Every structure is written in structure tokens, then in C-alpha cells.
Amino acid sequence: MSDTVPENSTEKSPGFIDKLLDKLDIFKGTEKALGDLKKQIEDSWPMKAWNFVKGMFGVGDNKSTENDAQVEQYDAKVSFPDSVVEKIKPTAKLSQGQLNNAKIIEEEFRQAGLSKELAAAAIVNAYRESGLNHLAIGDGGNSIGLFQLHIRGGGAGMSKEERQNPRLNTQRIIKEVKEGGGKNLLSADKRGTSIAELAVIFMRDIERPKNQERGAANCRAKTSELFG
């Protein structure tokens with residue numbers, strides 16, 4: 001069922017609300033606050049609020065379809081006999097666009113001389129950050145693309161279009177891994193650290209969200225969802 005509300009409609013969209021609340025993970029772990037917020041939104045849902053929120057969080061307009069529509073533009077070109085993308089669980093139910101972006105991440109990481117385990121950890125973080133949607137826009141328009149590169153952070157000096165290019169977005173993250181804050185991540189990879197824990201270190205040292213405890217829990221959950 002589509003979560004898109006027709007123009008000039010005041011119809012509520014519980015499916016969209018659930019997606020929005022999932023984005024607002026600041027409320028996770030506090031079920032009462034989450035339920036109260038959901039009720040408030042459902043009880044008062046003007047069209048202006050719909051347009052504001054879907055623009056702010058990049059959801060509500062069938063983004064997975066839009067993402068899939070651009071698969072051919074950024075098609076993955078290399079296949080690996082030991083591909084980590086091939087190990088993604090069918091139960092994750094990733095779209096063709098999401099899988100293609102995961103393949104691009106693996107391709108860029110491995111061609112840069114990084115391990116398939118680091119590629120998997122990067123895929124987990126991109127899944128956590130953007131849902132593996134290279135068109136994703138967050139943080140009021142400041143964070144864009146697969147790894148949500150911030151205009152004043154990892155995406156400094158890049159245009160919106162460049163950050164929405166999954167290859168350029170991934171290449172910028174690889175630069176951070178190899179030349180920036182990736183020392184602990186690379187060392188952990190050499191020690192044979194699990195994908196889940198590599199994903200946590202990636203989150204902590206490369207993505208650097210404010211709430212790292214919640215980010216770590218989310219990384220482990222997303223790793224389990226994708227790779228078991």
C-alpha cells in the first residue's frame with residue numbers, strides 16, 4: 001500500500017507515520033512517549049504538516065520506487081565470487097535499488113583494497129543511515145545520500161548531486177576510512193573482528209552520531225537483519 005497522500009488531501013496515513021516514528025529514533029525505548037506522539041500526529045494531520053515532514057525526512061513519496069528507477073544510472077559493474085551482498089538474507093526484503101547500492105558499496109570498498117568484511121560493515125551503516133537509498137535527504141536537507149554526508153562534515157565541498165551519486169558518496173567515506181578516522185576500524189579488521197562489531201566501530205569513528213549507545217545497538221540489529 002502506498003503511503004503517499006494525494007495533493008490537497010487531509011487523509012491520515014498510519015503507514016507513513018510508522019515510518020516517520022522509526023526515523024525519529026530519539027523516542028526508541030520509550031514506548032509511552034512514542035505512542036503519545038503517534039496519537040497526536042494521527043489526531044491532527046493537516047496537509048501542510050505532511051508536506052513539511054516528508055520533505056524533512058525524505059519519506060512518504062515511495063522513495064524506494066524512485067531509488068529503483070535510477071538503478072541503471074549507477075549500475076554495479078563488478079561481481080565477486082565471495083560477495084557479501086550475495087549473503088544478505090532474503091528476509092531483509094531489499095529492493096533491487098537497495099541491493100544495487102549495496103553492490104556498489106562492496107565494489108568501491110574492495111577495489112580500494114579494503115576487505116569484504118569492511119564492505120559489509122559499510123553496507124550495514126548505509127542501511128542504518130539511509131536505508132541504502134542514494135537519494136535520501138535528512139537533517140533538514142544537510143545530510144544526503146547513502147552515508148548521509150553532511151554539508152559541513154563528510155560532504156563538505158560536494159554538491160547535492162554529487163552526494164546523491166552512490167559511487168562518489170561511497171568514495172568519500174572510503175577516503176575517511178583510509179585517511180581520516182579509520183585507524184581503529186582497520187586494526188579491528190586485521191584482528192578478525194566480526195561484521196557486527198566492525199559496523200559499530202564504523203558508526204563510532206566514521207559516522208559519529210551523537211547518541212553512540214543507540215547507534216551501536218542499531219548497528220547490531222541491522223547486521224542481524226542483513227547477515228544473520
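Predicted model: local features only at pLDDT ≥ 70, side-chain atom pairs only at ≥ 80, totals over all residues.
Just after H11, Gly228 adopts a positive phi of about 85 degrees.

**Exercise 1.** State which residues H11 covers and how its reach compares with the span expected at 1.5 Å a residue.

Solution. Step one: H11 runs over residues 212–227, which gives 16 residues. Step two: the expected span is 1.5 Å times one less than the number of residues, and for H11 this is given as 22 Å. Step three: from first C-alpha to last, the helix reaches 22 Å, close to that expectation.

**Exercise 2.** Describe the two ends of H11, using Asn211 at the start and Gly228 just after the helix.

Solution. At the start, a side-chain oxygen of Asn211 comes to within 3.4 Å of the backbone nitrogen of Glu213. Just after the helix, the feature to report is the positive phi of Gly228, about 85 degrees.

**Exercise 3.** List the buried residues of H11, and explain how they are arranged around its axis.

Solution. Step one: a residue is buried if its relative accessible area is under 20%. The buried residues of H11 are Gly215, Ala216, Asn218, Cys219, Lys222, Thr223, Leu226 and Phe227. Step two: viewed down the helix axis, these buried residues fall within an arc of 165 degrees, so they line one face of H11. Step three: the cover over them includes helix H6 (116–130) and helix H10 (195–207).

**Exercise 4.** Decide whether Thr223 is buried or exposed, and name the residues that it touches.

Solution. Thr223 lies in helix H11. Its relative accessibility is 5%, so Thr223 counts as buried. Leaving aside residues up to four places away in sequence, Thr223 touches Val124, Ile195, Ala196, Ala199 and Gly228.

**Exercise 5.** Find the ring under the charged end of Lys222 and the ring under Arg110.

Solution. The charged end of Lys222 sits over the ring of Tyr127, 4.9 Å from its centre. Lys222 is also one of the buried residues of H11. Arg110 lies over the face of Phe80, with 4.4 Å to the ring centre. As for aromatic pairs, the structure holds one.

Conventions
Residues numbered from 1 in each chain as written. Heavy atoms only, no water. Phe/Tyr/Trp six-rings, centres within 6.5 Å; stacked < 30°, edge-to-face > 60°. Lys NZ or Arg CZ within 6 Å of the ring centre and 35° of its normal. Helix = DSSP H or I, 4+ residues; strand = E, 2+ residues; numbered from the N terminus. Buried < 20%, exposed > 50% of the residue type's maximum accessible area, 1.4 Å probe, protein only. Arc of directions from axis to C-beta. Contact = heavy atoms within 4.5 Å. Polar contact = N/O pair within 3.5 Å; in protein donor to acceptor, adjacent residues only side chain to side chain.
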